[in-house]
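Let's walk through this one together, starting with a single residue and then moving out to the places where chains meet. Keep the viewer open as you read.

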4 protein chains.
Amino acid sequence: MLSIDLNCDMGESFGIYKVGDDEKVLDYISSANIACGFHAGDPSVMNKTVSLALSKGVAVGAHIGFMDLVGFGRRNMNISPKEAFEITIYQIGALYGFIKAEGGNLSHVKPHGALYNLAAKDKNLALAIAEAVYKIDNELILYGLSGSELIKAGEEVGLRVANEVFADRTYSDDGCLTPRTHKDALIKEGTIAVQQVIKMIKEGIVISTNGNQVNIKAETLCIHGDGSHALEFVKKVRKEIELNGIEVSAMRT
Amino acid sequence: MLSIDLNCDMGESFGIYKVGDDEKVLDYISSANIACGFHAGDPSVMNKTVSLALSKGVAVGAHIGFMDLVGFGRRNMNISPKEAFEITIYQIGALYGFIKAEGGNLSHVKPHGALYNLAAKDKNLALAIAEAVYKIDNELILYGLSGSELIKAGEEVGLRVANEVFADRTYSDDGCLTPRTHKDALIKEGTIAVQQVIKMIKEGIVISTNGNQVNIKAETLCIHGDGSHALEFVKKVRKEIELNGIEVSAMRT
Amino acid sequence: MLSIDLNCDMGESFGIYKVGDDEKVLDYISSANIACGFHAGDPSVMNKTVSLALSKGVAVGAHIGFMDLVGFGRRNMNISPKEAFEITIYQIGALYGFIKAEGGNLSHVKPHGALYNLAAKDKNLALAIAEAVYKIDNELILYGLSGSELIKAGEEVGLRVANEVFADRTYSDDGCLTPRTHKDALIKEGTIAVQQVIKMIKEGIVISTNGNQVNIKAETLCIHGDGSHALEFVKKVRKEIELNGIEVSAMRT
Amino acid sequence: MLSIDLNCDMGESFGIYKVGDDEKVLDYISSANIACGFHAGDPSVMNKTVSLALSKGVAVGAHIGFMDLVGFGRRNMNISPKEAFEITIYQIGALYGFIKAEGGNLSHVKPHGALYNLAAKDKNLALAIAEAVYKIDNELILYGLSGSELIKAGEEVGLRVANEVFADRTYSDDGCLTPRTHKDALIKEGTIAVQQVIKMIKEGIVISTNGNQVNIKAETLCIHGDGSHALEFVKKVRKEIELNGIEVSAMRT
């Protein structure tokens, strides 16, 4: 039976600031990427989100990012591979503390925002992140853009990886995401987004913005948990996936 | 044979800012309390300090503090027990990441500065910290002011504790440290400081500023690693301790 | 003609985090207290909020707080008067930059949260804040809890002050706010809140929770701009004030 | 009579961390660039440094940087021109607060580290910074790498500018600094550094690493105030400059 992991970024609130509808979204996903206090999240939010995710049987991962709260980790920072290694260790460790305190397991690691995008293209940065993950726990699964340098780096260091695809983003001929600055970057029509997902899972193919068939490996699907219609979209995607005979389950199972 | 643990705060550098002579001091102590990025330290400093301490066979502990870098964690903050629990978990976890990546063991936890002082007197705060430590790993040793609320809280939750004494501070009749605002708070004469230490270890007694004999439990001795004469003082204290037939060894051994 | 200033805390968003309905609330108030990046706000939010407030003819003030973003400046920090002086100067200056860039005027300064409450009772802290305000610009108006130490300190250093009252909080016999922990601390019935305001403005009297008449000076009324019903409540308060023949206008006019 | 401004980065301490020998260096320079709390400095350090500089008659400028304390503002961050405008305003304002409180004048603005280097090449970033400076006070002098985009942007918006040169760095044929990664980037021989400075001031020429004569405008000379030999080097440079009949004076005089 075909299966796909549904992952969602979580725990992005901070102090008095609340974003996302984590508690409800958790009912429809299989993996939660929890912010670790650098680009979002704080010790209290992390504690609560870890507890919620574990109680609902959702796999918990560390969502690691740049130390740039005001920019939400979305601004490129020119850090060295050594610094990438160090902030990866720090953030995974911090989240791991909450998971250990709850008696749960850390399942995976996924870079966030600008770090995700840079690690998809920069081999040295990707290797530094992959090595940090491996050194903390070589059974962790490294999430990265399908076919990217981060995925290759994970495989190179000996980690299990999860090739990630997106429902609401279009792809170029090279299998990369169309840049957000491009007019066709986003798929706003829910039905089309779902069709793209089903095709990627069933056929390993996505149709690029140029109309070409592009091979793509879809092991985990990123769903966005913020925005007013997020919850509805998550429900819809999950329902359609299951109606197509595809099982939703975390990577580890 | 009598024994004492010699502990020192370490890893208090940050970015371009360097303090302490960690590498050399590590040769004379048995336990290192490493800052976790809240009151001092950063991922790079933590990585380096953990690696150094482990390579020298020194027991590694998490030195947890208030999120107040500009105040070096020395200013009281009115946080709730729940918040204390959460920042304790976060910081221990972050340090644990570096230790795990190096294949070492986390040995102990010691609050820093204002958090140390508050937890010595505030039972609820002390219990929150002790519970966080216990939940992460119930084999960790909790360091606290000898006979303080933190020590009692550690024992209450089932942790092994380390009653901490100071060489260069004077004591009141109740076994507490003389406040730093008091003119006799500090012992500036190295020989007298050493004598106080020896007496505390051998006899379990300290002479208060009022001249009274006060019972005190001395399991670990705090040595300060900054300041221009720190290294010399550390050497001197260790030498005198050993000359008095007392073994210097970490709590766990 | 009787008059009252209506002030509201503004610019409390941060990065991707949005709170408050500043643009709409600005239409109903006479003074905006804008966060300066310590307890809330960031350079972008400050820039936008200053611009909005000035464009709507609302008096602009610096809302200064503790450097405690994760705690929203609501947690007491034990800072020295010297540190209070310095963070007051820094924050006023930062906001002043945006106002100067827009060609506007800085009208007032109001401490936020825990700093507001501490400065209401701690004379030395209050004096340090007042002196900082005076040194930057002796024509600034210092906002503080009606009759508090901060008001007295402002008068002592030679500043114009604004005695602040609250619509939705009850008062003790000594003219202080009933602590939030008290069951009757909040006035949840809008009509009663408005009646209290009108009485304070017209008669200089508030009825304490014990039922006693207490003298109170009401020069500015604090309205909360967050929460789902904030905008409606602001509208209602303003309407009722004006129906009672009281003019709403900023302190300076 | 020929003249040159000697500027030095100051106020780079933070909390318990002390760097530089500001008080002594101030005796030999004409302009101080004071960190504003983003890449270095804190309200207390700013207060003290502003006071010292003003008391010694040294011109005070805002040394603005990226919000990256742990990286000391030396890591490129991909911020938008709008964000550059906003962090420029914020930092200048914050420093201006301390200067206003002391009754002094703000003289100039100089970007720090990565922001300095990016603004030397990126026209849009340079214009955003220049416009921010102009909007706060159009009499401020904008410091930038001699002949860089930042200097051009300053002139374009109508600011007075200061073309900055370095004593201890080598230059390429295009008048830019040799990258620090180049083996000949630094001039370690004090006498050669001084000769380069004298030549730049007297002849408007620097000899590039390729041996070519390159035109360069030298209005202000950057001296580094940290490092163990900084004070001696500053003294030596100033002495040699004066022995060559060149006056050391701030830009404004």
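In chain B, B:E12 is found in the loop between β1 (3–10) and α1 (22–25); helices (H or I, at least four residues) and strands (E, at least two) are DSSP runs, numbered from the N terminus. This is a predicted model, in which local features need pLDDT of at least 70 and side-chain atom pairs count only at pLDDT 80 or more, while totals for chains, interfaces and linings use all residues. Residues are numbered from 1 along each chain as its sequence is written, chains are lettered from A and ligands numbered from 1 in the order in which they are written, and side-chain values use heavy atoms, with hydrogens and water left out.

Leaving out residues up to four places away in sequence, B:E12 touches (heavy atoms within 4.5 Å) a set of residues including B:H39, B:H63, B:H112 and, from another chain, D:Y17.

Now for chain B against chain A. The contact takes 23 residues from chain B and 23 residues from chain A. Together they bury about 2,000 Å², 64% of it on carbon and sulfur atoms; buried area is the accessible area (1.4 Å probe) that two parts lose on being put together, summed over both. On the chain B side, α2 (43–55), α3 (81–102) and α5 (123–136) each supply at least two residues, and α3(B) gives the largest share, 13 residues.

The area buried here is about 750 Å², of which carbon and sulfur atoms give 58%. B:R75, B:M77 and B:N78 supply 59% of the area that chain B buries against chain C, more than any other three residues. Between these chains the count is two salt bridges. One of them joins the side chains of B:E83 and C:R75 (3.2 Å, N to O).

Technical notes
Salt bridge = Lys/Arg side-chain N within 4 Å of Asp/Glu carboxyl O.
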